[in-house]
Amino acid sequence: MRDLVDQVLASGRHVTVNVAESPLGWLRARGLVDARQFEAGERLRGDYETAALGPRVTMRWADRVDGGGEGLDPTSAQIAAKRRFDAALAAAGRGLADVAWRVICAGEGLPAAEKALGWPARAGRLVLTLALDRLADHYRLP
């Protein structure tokens with residue numbers, strides 16, 4: 001990211017960058033992935049983030065406003081998310097899971113993922129869309 005900023009400053013161009021936007025969100029905003037693929041990627045990222053959460057070490061003082069039960073305790077929810085994440089990556093398959101994890105979960109841009117995986121330029125989007133289609137099938141998205 002810093003290299004891109006340096007290039008833009010050196011060229012004198014002005015650009016607006018949303019640093020909070022994920023690479024998958026960027027692809028969706030430009031019509032390079034469809035809604036089904038985006039939803040599959042967001043589900044994978046959600047499970048990845050839930051599985052990576054650390055356990056709570058303090059008391060929760062807030063009551064639920066709807067009076068409902070807790071559902072899964074945080075540790076069980078973390079374990080369940082890890083199982084869902086592992087199953088989804090297994091469904092994507094070898095070779096496709098790598099780019100899915102790098103772009104969706106780690107937040108790497110496609111050029112960085114292609115370089116890290118030793119792929120030619122612009123090959124990553126095709127492979128990522130194949131991975132997203134497999135993930136969407138795994139999640140049974142319409």
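The accessible surface of the protein chain comes to about 9600 Å², and carbon and sulfur atoms hold 55% of that area. The model is a predicted one. The chain has 142 residues, and 28% of them count as buried. Its secondary structure comprises 7 helices and 0 strands. Read from the N terminus, the order is α-α-α-α-α-α-α. Take the contacts in the chain with a separation of 6 or more: 66% of them join residues 24 or more positions apart.

Start at the core. In soluble globular proteins, nonpolar side chains tend to be buried together. Here, the largest nonpolar core has 26 residues. Which residues have the most contacts inside this core? They are L44, I104, L128, L132, L135 and Y139. Several elements give two or more residues to the core: α2 (23-29), α3, α4 (74-92), α5, α6 and α7.

Now turn to α5. This helix spans residues 97-105, and its buried residues are A97, V99, A100, V103, I104 and C105. An α-helix has 3.6 residues a turn, so residues three or four places apart point the same way. Within α5, the buried list includes A100, V103 and I104. I104 is also among the core residues with the most contacts. Which residues does I104 touch, leaving aside its neighbours within four places in sequence? The partners are L24, G41, L44, R45, V99, L128, L132 and L135. Just after α5 comes G107, with a positive phi of about 75 degrees.

Next, look at how α5 packs on α7. Two packed helices are described by the angle between their axes and the distance between the axes. For α5 and α7, the angle is about 95 degrees and the axes lie 9 Å apart. Because an angle of 65 to 115 degrees counts as roughly perpendicular, α5 is roughly perpendicular to α7. On the α5 side, the contact uses V99, A100, V103 and I104. On the α7 side, it uses G124, V127, L128, A131, L132 and L135. The residues of this contact divide into 9 nonpolar, 1 polar and no charged.

Is A131 buried or exposed? It is buried, with a relative accessible area of 0%. Leaving aside neighbours within four places in sequence, A131 is in contact with L96 and A100. A131 and A91 are 40 residues apart in sequence, yet their C-alpha atoms are 9.0 Å apart in space.

Helix α7 also meets α3. Helix α3 covers residues 35-52; its axis comes within 8 Å of the α7 axis, and the two cross at roughly 75 degrees. That makes α3 roughly perpendicular to α7. The residues of this contact divide into 5 nonpolar, 3 polar and 3 charged. From α3 come R36, Q37, A40, G41 and L44. From α7 come T129, L132, D133, L135, A136 and D137.

Follow α7 to H138. Helix α7 runs over residues 124-138, and H138 lies in it. H138 is partly exposed, with a relative accessible area of 29%. Not counting residues up to four places away in sequence, H138 touches A87, A88 and A91. H138 and L89 are 49 residues apart in sequence and 9.4 Å apart in space, C-alpha to C-alpha.

Finally, check the backbone on either side of α7. Most residues other than glycine have a negative phi, and most peptide bonds are trans. R122 has a positive phi, near 70 degrees, and is not a glycine. It is found in the loop between α6 (110-117) and α7. R122 is exposed, at 73% relative accessible area. R140 is not a glycine either, and its phi is positive at about 60 degrees. This residue sits in the segment after α7. R140 counts as exposed, with 75% relative accessibility.

Definitions and conventions: Residues are numbered from 1 along each chain as its sequence is written. This is a predicted model: local features need pLDDT of at least 70, side-chain atom pairs count only at pLDDT 80 or more; totals for chains, interfaces and linings use all residues. Side-chain values use heavy atoms; hydrogens and water are left out. Buried means under 20% relative accessible area, exposed over 50%, partly exposed in between (1.4 Å probe, protein chains only). Helices (H or I, at least four residues) and strands (E, at least two) are DSSP runs, numbered from the N terminus. Contact means heavy atoms within 4.5 Å. Axes are lines fitted to C-alpha atoms, for helices over the stretch in contact, and angles run from 0 to 180 degrees between N-to-C directions. Angles under 35 degrees count as roughly parallel, over 145 as roughly antiparallel, 65 to 115 as roughly perpendicular and the rest as oblique. Ala, Val, Leu, Ile, Met, Phe, Trp, Tyr, Cys and Pro count as nonpolar, Asp, Glu, Lys and Arg as charged, and the others, Gly among them, as polar. A nonpolar core is a set of buried Ala, Val, Leu, Ile, Met, Phe, Trp, Tyr and Cys residues joined through side-chain atoms within 4.5 Å. Accessible areas come from the Shrake-Rupley method with a 1.4 Å probe; for residues, only the protein chains shown count as cover.
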